[in-house]
Amino acid sequence: MSVRNESNKKYGTVKRFLDAGYGFLICEDIERDVFFHSANWRSADTPVVGQKVTFELAPGKLEGQGEQAINVHPIKEERVEPWGVESLSGKAGVQ
């Protein structure tokens, strides 16, 4: 059983995603763009430029490559629906 190291968790944004199945992330903590492959994308949805993500860093697969992003998860942004008059009328204490 493996234990996840949360200290390796990074936050970033999809900068670019190519039809070839790979892309790049930007992260405030890292000076260069971070490569990721679609095999490390943890969602059924396609990555979208500007999308916020969490990821971990791992060594590149080839010698001389920098670190790459693995376990890339999109951050689901919750929609906040504005309250309409009809939704307030059913609440206790609201007149």
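A nonpolar core is a set of buried Ala, Val, Leu, Ile, Met, Phe, Trp, Tyr and Cys residues joined through side-chain atoms within 4.5 Å. Buried here means under 20% relative accessible area, exposed means over 50%, and partly exposed lies in between (1.4 Å probe, protein chains only). The structure above is a predicted model, in which local features need pLDDT of at least 70 and side-chain atom pairs count only at pLDDT 80 or more, while totals for chains, interfaces and linings use all residues. Residues are numbered from 1 along each chain as its sequence is written, and side-chain values use heavy atoms, with hydrogens and water left out.

The fold can be taken strand by strand. Helices (H or I, at least four residues) and strands (E, at least two) are DSSP runs, numbered from the N terminus. Five strands form a closed barrel in the order 1-2-3-5-4, with mixed pairing. Neighbouring strands of this sheet are turned by 50° against each other on average, direction ignored; the axes are lines fitted to C-alpha atoms, for helices over the stretch in contact, and angles run from 0 to 180 degrees between N-to-C directions. Two strands pair if DSSP finds at least two bridges between them. Strand 4 (residues 52–58) and strand 5 (residues 68–74) are joined by five bridges in the antiparallel sense. Among the residues involved, Val53 has Pro74 in strand 5 as its bridge partner.

Which residues make up the largest nonpolar core? It has twelve: Val14, Leu25, Cys27, Ile30, Val34, Phe36, Trp41, Val53, Phe55, Leu57, Ala69 and Val72. Strand 2 (22–27), strand 3, strand 4 and strand 5 each give two or more residues to this core. In soluble globular proteins, nonpolar side chains tend to be buried together.

Two residues show what surrounds a single position. Contact means heavy atoms within 4.5 Å. Not counting residues up to four places away in sequence, Val72 touches Leu25, Phe36, Asn40, Trp41, Arg42, Val53, Thr54 and Phe55. Ile70 is placed in strand 5. Leaving aside neighbours within four places in sequence, Ile70 is in contact with Asn40, Phe55, Glu56 and Ala58. The C-alpha atoms of Ile70 and Phe35 are separated by 9.1 Å, with the two residues 35 apart along the chain.

Aromatic rings come next. Rings of Phe, Tyr and Trp (its six-membered ring) pair if their centres lie within 6.5 Å; planes under 30 degrees apart count as stacked, over 60 as edge-to-face and the rest as tilted. By this rule there are five aromatic pairs. Phe17 and Phe36 form a stacked pair, 5.8 Å centre to centre with 20° between the planes. Phe17 lies in strand 1 (residues 10–18) and Phe36 in strand 3 (residues 30–37), so this pair ties together parts that are 19 residues apart in sequence. Phe36 is buried at 0% relative accessible area, whereas Phe17 is partly exposed at 22%. Together with Trp41, Phe17 and Phe36 form one aromatic cluster.

The last topic is charge. A salt bridge is a side-chain nitrogen of Lys or Arg within 4 Å of a carboxyl oxygen of Asp or Glu. The whole structure has two salt bridges. One joins the side chains of Lys15 and Asp33 at 2.8 Å, N to O. Because Lys15 lies in strand 1 and Asp33 in strand 3, the pair ties together parts 18 residues apart in sequence. The other salt bridge is between Lys76 and Asp45, at 3.8 Å, N to O.
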